[in-house]
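Here is a short note on the structure, as numbered points. It takes up packing and then ligand contacts.

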Amino acid sequence: MKRMVVVGTQWGDEGKGKITDYLAQRADVVVRYQGGNNAGHTVVFDQKKYSLHLLPSGIFNKNITNVMANGMVINPEAFAEEIKPFETFKLAISDRAHVILPYHLEIDKFNEQLRGDHKIGTTNKGIGPAYTDKASRLGMRMSTFVHPIRFKEKLMEILEPMNREMYGMGKGNLDFNTIYEKFSKYAELMRPYVCDTSLLLNELIAQDKKILFEGAQGVLLCLDHGTYPYVTSSSPTASSVPVNTGIAPWLVEGAIGVTKAYTTRVGSGPMPSEILGDLASHIRIKGNEFGTTTGRPRRIGWLDTVILRHSKRVSGLSYLAVTLLDVLTGIDELKIAVSYTLDGITIDKVPAEIEDFEKCLPNYITMPGWKEDITQVKSYEDLPENTKNYLIKLSELVGVPIGMFSVGPDRNQTIMVKEIF
Ligand code: GDP
Ligand code: IMO
Ligand code: MG
């Protein structure tokens, strides 16, 4: 397959960055298609660890074209900071991507305060308010932001109603000159990269280039198919790639569903297979389960195949890439959720109503664990029998073949089971 999507199948942080970086060694183009700097994608190679928030995970490979597509919301200040260490790279930013401006961050924080006990636990990066403005037709496209005159006009136009909103939130006025001067510098920095990335991608496809689409977040955080309202404000599914990049749906050939060998979640909202106590702390520490973007401890749970089948159905998954398998080493018995019980009835779906999802109790099967160190394993055949059985069971329960797995954070701790890309 020449055009594949790397999609998170759970609540984010499945290891999409690592899998994208690994597969990028075989790609010509890597495209981020939604979200913004709420994402935190970790890439480890040559004993160095990198955290990417906005830039596609192909950025370490100088020969690859990296695209930030129209479905993204981009904070220019965060972009300027993130691009700093990179000297040689090929990058294109969509002229239709939307811009995150300082008031979006203020509104995000304010909305969270208003929600009180029902707060979503957002990353406070202004993602929801920026997508809200886009949908309300009040947003600013990248094309306007990098335009020498129109940025000024549009900012002036926006700041007046925005300052009324800020006043309503009990906050001080946003000063036009301060924002304009600061952000004009970012606009200058970004201008050379801004173009019609739909045209570019279609040209690259016509040249038969290999393209990876890198999702952010995970399917259960999808605005449409996730655990609403505890979701992000875009769609990380593979099916959202065409609209978020400007290519035809039939040009997407397949999707790699990145799946942790267990489950994690950051922020609020139900998580039926959540575990608390010593075992959760053990997994959290061993798996370094602290948010890449916010540093928050991630909630830990057993593998949940109900959500994985949901992700497979709404997103389409050709293969699974199972990550963090090494973290489960040494646990005697591993549980896998195979269905839920809701009000005394067994169900095999994610309910639309969050109150129902909160009441879902997982039904588990138990698999024997393994004790052998697997961090140096180089092929599927080298895995202990119990690890193989765990992967086989996972694949059977989800109905998707295992294409890859990973046994440590480093690029070279990634194993291809099949030549999938
Ligand atoms: P993403 O948002 O999906 O890209 O994932 P994150 O980078 O936020 O979180 C995944 C975390 O797991 C990072 O700290 C990775 O370095 C780490 N990681 C990825 N794969 C493995 C693995 O197979 N084993 C271990 N121990 N860590 C891994
Ligand atoms: P990556 O790409 C994990 C979660 C937040 C919150 C909800 C809404 O690294 O997998 P937002 O700021 O998007 O409005 O927050 O979504 N969230 C993530 N959780 N990984 C992410 O990205 C996330 N991006 C957002 O914690 O619950
Ligand atoms: Mg992450």
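1. Contact here means heavy atoms within 4.5 Å. On that basis Val 5 touches Tyr 33, Phe 213, Ala 238, Val 241, Val 252, Gly 254, Ala 255 and Ile 256, with residues up to four places away in sequence left out. Note that this is a predicted model.

2. Val 5 belongs to the largest nonpolar core, which has 70 residues. Val 5, Val 322, Leu 325, Tyr 390 and Phe 405 touch the most other members of that core. A second core is separate and has 44 residues, including Met 68, Ile 93, Tyr 103 and Ile 179. In soluble globular proteins, nonpolar side chains tend to be buried together.

3. Now the ligand site. Ligand 2 is surrounded by 20 residues. Asp 13, Lys 16, His 41, Thr 123 and Thr 232 are the closest. The shell comprises seven nonpolar, 10 polar and three charged residues.

4. Where does ligand 2 lie relative to domain 1 and domain 2? It lies between them, because both give residues to its shell. Domain 1 covers 3-74 + 198-416, and domain 2 covers 98-193.

5. Three side chains place a polar atom by the ligand's oxygen atoms. For Thr 123, a polar side-chain atom is 2.6 Å from an oxygen atom of ligand 2. For Asn 38, the corresponding distance is 2.9 Å. In Arg 296, a side-chain N or O atom also sits 2.9 Å from an oxygen atom of ligand 2. Taken alone, ligand 2 exposes 550 Å², and the protein buries 97% of that.

Definitions and conventions:
Residues are numbered from 1 along each chain as its sequence is written. Chains are lettered from A and ligands numbered from 1 in the order in which they are written. This is a predicted model: local features need pLDDT of at least 70, side-chain atom pairs count only at pLDDT 80 or more; totals for chains, interfaces and linings use all residues. Side-chain values use heavy atoms; hydrogens and water are left out. A residue is near a molecule or strand if one of its heavy atoms lies within 4 Å of it. A polar contact is a pair of N or O atoms within 3.5 Å; within protein, one must be able to donate a hydrogen and the other to accept it, and residues adjacent in sequence count only if both atoms are side-chain atoms. Accessible areas come from the Shrake-Rupley method with a 1.4 Å probe; for residues, only the protein chains shown count as cover. Ala, Val, Leu, Ile, Met, Phe, Trp, Tyr, Cys and Pro count as nonpolar, Asp, Glu, Lys and Arg as charged, and the others, Gly among them, as polar. Domain bounds come from an automatic or database domain assignment. A nonpolar core is a set of buried Ala, Val, Leu, Ile, Met, Phe, Trp, Tyr and Cys residues joined through side-chain atoms within 4.5 Å. Buried means under 20% relative accessible area, exposed over 50%, partly exposed in between (1.4 Å probe, protein chains only).
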